[in-house]
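Open the model in your viewer and keep the selection tool at hand. This tour tells you what to pick next and what to look for there.

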Amino acid sequence: MGKLKQETLQTDVLIIGGGGAAGRAAYEAKRMEPQVDVTVATEGTWGSGGSTVWVASETLGINAPLNASDDGDSPDVYLEDILKTGLGLADESLASIIAHEASDRILELIEMGVTFDGVGEKPLQRKLSGCTKARSLAEGGQTGVSIVSVLKKASLEKGVKVLEGIRLLDLIYKEGEVWGARGFRQGKQIDILAKAVVLANGGAGAIFPHNINHPSLKGDGFAMAFRAGAVLTNLEFFQIGPGVVFPRMHFIIHSHMWNFCPRLRNVLGEEFLSNYLPKGVSKDDVLSLKSMSFPFSVRTNARYLDISIFKEICSGRGTEHGGVIFDVNHVPDSELENKAPITYETFLKKGVNLCTDSIEIAPLVQNFNGGVKIDENAATTVPGLFAIGEVSGGVHGADRPGGNNLTDCQVFGYRGGRAAAGLAIERSEKPKEVFREKELIPQEKTDMLAPVKTAMDKSLMIVRHKEGLAALLEEIEGCRQKVSQLDVTTDNFLLVAEMFARSALYREESRGIHYREDFPNRDPAFDKPSLIRKGKGGEMGVWVTNKDV
Ligand SMILES: Cc1cc2nc3c(=O)[nH]c(=O)nc-3n(C[C@H](O)[C@H](O)[C@H](O)COP(=O)(O)OP(=O)(O)OC[C@H]3O[C@@H](n4cnc5c(N)ncnc54)[C@H](O)[C@@H]3O)c2cc1C
């Protein structure tokens, strides 16, 4: 990386983030074009932050139709599952790429040293939600850690450079083209000029009061792309599922825990689930369906479980930690230990014996299906800018098969890394020639976002409706009015919150992981992905369309 002047650095391909998608892109960019200078810039140290390495569940699965279980899996069956689960909103050409390239990418990971759980010579493949075949591979809860460590090692060996401890907050763009990114490291502004920028900085869970994400996931990628004029898609679809709020720890209630038929009680000690079930729907049916899928979705009757927890908490019958009481004390410890060993052990380490103690759970934001709209090579609608992994959008629809995110990171990390390296060679102009200096306003310590966060908790979580979303938009605007000039960090937060609110408000129907209580049914008028982009006057435009943009 050459130095133009203090705090201004230069590279050919800049990859922002340090998770599974970033690792794959960095490795592939350098593998394809060894002469290209590739830099990974990430918050914290590479491999320490983000969802890929966030061990917070019993298993972390990655899909590939290897057919190791001889159950007839194939890329075509896989594609059908993605499209069906996406409920009409997954981009068919992107989904087809995932379905047809997943096996090659996963086999490469195995060759590079990732060791998935196996049975004899064959990898063990499990069937996750939305999958008709057993196609998920895992290394317990450590799958992502293993993937990132292998890709990081291989990238460093190929000569990829690393810039750690940097939070990039804005893109460097001119005349509709991106030429780098800028942000802060240890309170100092750093501008990185690049011929191609790859956003791989994950989702936005950390901006929600109730989330199960690493604190670095604040949606900066969504905000940076929006500000530079990119189109974002399907932002109303983000996964929310039950996770632990007490004891204080980061762990989700893995779907198979519902097979133990846990007791759910509010702070008054009342079992409440049955109060929320319509006629003909039994508690056992709901628990059994919930055992097949972690996130809330209106796709199945498992939804009543998430809705009941959310409503109990909103009605003031939650615990002081903002949750409801969950216990599996009726289950023999040998059964818990055998069937949920990682969950059981993780709680024991926290001093909680699930056989005798109760815990508290609440709906937590986990994962984003939508994001910055990409094409087959992970290019966004803005030249010079690519997006891969969770920050990207279009690949997944209104819901997605479990295990597809990690696959998405590998498939589009591969494509995006290679395309970015190709663009860096094509772009003969040097970034410094189009570079404009701009000083970012650093964040001041303030609690001015508190009312917005409260409104997000009320209106963007499980149950959404017009009044709540309109109130959230008012809070966002009120916050903007309080200061003459917003710092970039706060601006990012508010932009992302607004994009979620506007997308959720626009979609006047219920589909997949988006539930509008005022529009409880699916509406064919919305059989299209939502899109959002900055208008000419800076305003946020939302629309739904099947047309190319
Ligand atoms: C509890 C849990 C369980 C999950 N289970 C599964 C599963 O079983 N199967 C599956 O497929 N998916 C699962 N997911 C989702 C999956 O883990 C993620 O979608 C995927 O790992 C995202 O990878 P990524 O590389 O895009 O982003 P991440 O791994 O989140 O990495 C983002 C990186 O960007 C960095 N970063 C963020 N902002 C900035 C910034 N402004 N500047 C610089 N760096 C920045 C972060 O620190 C991090 O290093 C789960 C997620 C969670 C939270």
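Select Thr 42 and show what surrounds it. Setting aside residues up to four places away in sequence, Thr 42 touches Gly 17, Gly 18, Leu 163, Glu 164, Gly 165 and Ile 166. Touching, or contact, means heavy atoms within 4.5 Å. This is a predicted model: local features need pLDDT of at least 70, side-chain atom pairs count only at pLDDT 80 or more, and totals for chains, interfaces and linings use all residues. Residues are numbered from 1 along each chain as its sequence is written, and side-chain values use heavy atoms, with hydrogens and water left out.

Stay on Thr 42. Its place is in strand E4, residues 38-42. Strands (E, at least two residues) and helices (H or I, at least four) are DSSP runs, numbered from the N terminus. Is Thr 42 buried or exposed? Thr 42 has 8% relative accessibility, so it counts as buried. The cut-offs are these: buried is under 20% relative accessible area, exposed is over 50%, and partly exposed is in between, with a 1.4 Å probe and protein chains only. Now draw a distance from the side chain of Thr 42 to the backbone nitrogen of Gly 18: 3.2 Å.

**Next stop: the ligand**

Select the ligand and its shell. How many residues surround the ligand? There are 37, and the closest are Ser 51, Thr 52, Leu 168, Ser 216 and Glu 390.

Colour the shell by class. You get twelve nonpolar, 21 polar and four charged residues. Nonpolar covers Ala, Val, Leu, Ile, Met, Phe, Trp, Tyr, Cys and Pro; charged covers Asp, Glu, Lys and Arg; the others, Gly among them, are polar.

Now colour by element. Helix H1 (20-32), strand E10 (167-174), strand E18 (359-368) and helix H10 (404-426) each give at least two residues to the shell. The largest share, four residues, comes from H10.

Zoom in on oxygen atoms of the ligand:

- Ser 51: a backbone N or O atom is 2.8 Å from a ligand oxygen.
- Thr 52: a side-chain N or O atom is 2.4 Å from a ligand oxygen.
- Asn 367: a side-chain N or O atom is 3.0 Å from a ligand oxygen.

Show the surface of the ligand. Taken alone, the ligand exposes 1000 Å², and the protein buries 98% of that. Accessible areas come from the Shrake-Rupley method with a 1.4 Å probe; for residues, only the protein chains shown count as cover.

**Next stop: the loop between E5 and H2**

Select Asp 73. It sits in the loop between strand E5 (62-63) and helix H2 (75-85). With a relative accessible area of 6%, Asp 73 is buried. Its side chain makes a 2.8 Å polar contact with the side chain of Arg 135. A polar contact is a pair of N or O atoms within 3.5 Å; within protein, one must be able to donate a hydrogen and the other to accept it, and residues adjacent in sequence count only if both atoms are side-chain atoms. Beyond four places in sequence, Asp 73 touches residues including Asn 67, Tyr 78 and Lys 133.

Asn 67 lies in the loop between E5 and H2. Click it. Its phi is near 60°, a positive value in a residue other than glycine. Asn 67 is partly exposed, at 23% relative accessibility. Then click Asp 70, found in the loop between E5 and H2. The phi of Asp 70 is near 50°, again positive. Asp 70 is exposed, at 58%. Most residues other than glycine have a negative phi, and most peptide bonds are trans.

Jump to Pro 247, in the loop between strand E15 (238-246) and strand E16 (263-265). The peptide bond from Phe 246 to Pro 247 is cis, with omega near 0°.

**Last stop: the cysteines**

Select the cysteines. Cys 409 is buried, at 8% relative accessibility. Cys 479 is buried too, at 1%.

Note on methods
A residue is near a molecule or strand if one of its heavy atoms lies within 4 Å of it.
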